[in-house]
Amino acid sequence: MTLSLRAATIAVAMAIIAPASVMAQTTGSIPPPAPPSQPPSPPPTKQYSSNEIIDAGHRFFGSVSRDLAKIVEKAVSQWGLPNGYILGEEASGAFIGGLRYGDGTLYTRNAGDARVFWEGPSFGFDFGADGARTMMLVYSLPQTGAIFQRFGGINGSVYLVGGLGMTALTGNDIVLVPIRSGIGLRLGANLGWLKFTDSPTWSPF
């Protein structure tokens, strides 16, 4: 009788202890809830949209910029969106052979800005002189320092809309698209280059 009572007491104690142990083990094994996942933020763009270029050009060119949107659309259709642009002024003159000098500021979204100067000769059927405000779209520029080199190409008016003209120059996979508006007479297309430097110089070579 005593043995049976003892066995019953042990069984009751085991019935009480076992669920508590299981609960303790279960509670300890549940990991804390994970924080809600946030979608990754998109990387910042390094290119300028057409609207940003057009807005900057309108402020820069002023009243003669009414045809700028057509010029920019033409450039974007051929070379895409630029990752930099230059705003500056230049003067040039030619009689068969000529010279062009300018200076301005290179603007980039993520690599900073830089003061730039450019100069270059031209050869070909080209007569006249002009002074121009110039906006240059810059494509595939890896860093601001890469602008300081020579860019060659057809340095004539390859696309004209109203009082604006667009040309194209290339160098080491970088494309420059100068958009000019100025006073004076410039006829013909010429073959030449532009050399960019970080300080003014008279030598175009």
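Modeller: Let us begin with burial: a residue is buried under 20% relative accessible area, exposed over 50% and partly exposed in between, with a 1.4 Å probe and protein chains only. Of the 205 residues of the protein chain, 38% count as buried. This is a predicted model in which local features need pLDDT of at least 70 and side-chain atom pairs count only at pLDDT 80 or more, while totals for chains, interfaces and linings use all residues. Residues are numbered from 1 along each chain as its sequence is written, and side-chain values use heavy atoms, with hydrogens and water left out.

Colleague: What does the secondary structure of the protein chain come to?

Modeller: Helices (H or I, at least four residues) and strands (E, at least two) are DSSP runs, numbered from the N terminus. Here the protein chain has three helices and eight strands. Along the sequence they follow the pattern α-α-α-β-β-β-β-β-β-β-β.

Colleague: At what angle do helix 2 and helix 3 pack?

Modeller: Axes are lines fitted to C-alpha atoms, for helices over the stretch in contact, and angles run from 0 to 180 degrees between N-to-C directions. Helix 2 (residues 50–61) and helix 3 (residues 68–79) pack at about 140°, and their axes are 10 Å apart. Helix 2 is therefore oblique to helix 3; angles under 35 degrees count as roughly parallel, over 145 as roughly antiparallel, 65 to 115 as roughly perpendicular and the rest as oblique. The crossing of helix 2 past helix 3 is right-handed, a term used if the near helix is turned clockwise from the far one by less than a right angle, with anticlockwise giving left-handed.

Colleague: Which residues in helix 2 and helix 3 meet?

Modeller: A contact means heavy atoms within 4.5 Å. From helix 2, Ser50, Ile53, Ile54, Gly57, His58 and Phe61 meet Leu68, Ala69, Val72 and Val76 of helix 3. Sorted by class, this contact has seven nonpolar, three polar and no charged residues. Ala, Val, Leu, Ile, Met, Phe, Trp, Tyr, Cys and Pro count as nonpolar, Asp, Glu, Lys and Arg as charged, and the others, Gly among them, as polar. Across the protein chain, among contacts between residues at least 6 apart in sequence, 70% join residues at least 24 apart.

Colleague: How many aromatic pairs does a search of the whole structure find?

Modeller: Rings of Phe, Tyr and Trp (its six-membered ring) pair if their centres lie within 6.5 Å; planes under 30 degrees apart count as stacked, over 60 as edge-to-face and the rest as tilted. The search finds six aromatic pairs. One of them joins tyrosine 48 and tyrosine 85 edge-to-face, 5.1 Å centre to centre with 75° between the planes. Because tyrosine 48 lies in the loop between helix 1 (2–29) and helix 2, and tyrosine 85 in strand 1 (residues 84–108), the pair ties together parts that are 37 residues apart in sequence. Tyrosine 48 and tyrosine 85 are buried.

Phenylalanine 151 and phenylalanine 196 also form an edge-to-face pair, with 5.7 Å centre to centre and 90° between the planes. Phenylalanine 151 lies in strand 3 (residues 150–154) and phenylalanine 196 in strand 8 (residues 190–197), so this pair ties together parts that are 45 residues apart in sequence. Phenylalanine 151 and phenylalanine 196 are buried.

Colleague: Where is arginine 66 found, and is arginine 66 buried or exposed?

Modeller: Arginine 66 is in the loop between helix 2 and helix 3 and is exposed, at a relative accessible area of 66%. Arginine 66 and glycine 162 are 96 residues apart in sequence and 8.5 Å apart in space, C-alpha to C-alpha.

Colleague: Which residues does phenylalanine 205 touch?

Modeller: Not counting residues up to four places away in sequence, phenylalanine 205 touches Pro121, Arg150, Trp193 and Lys195. Phenylalanine 205 is placed in the segment after strand 8 and is exposed, with a relative accessible area of 53%.
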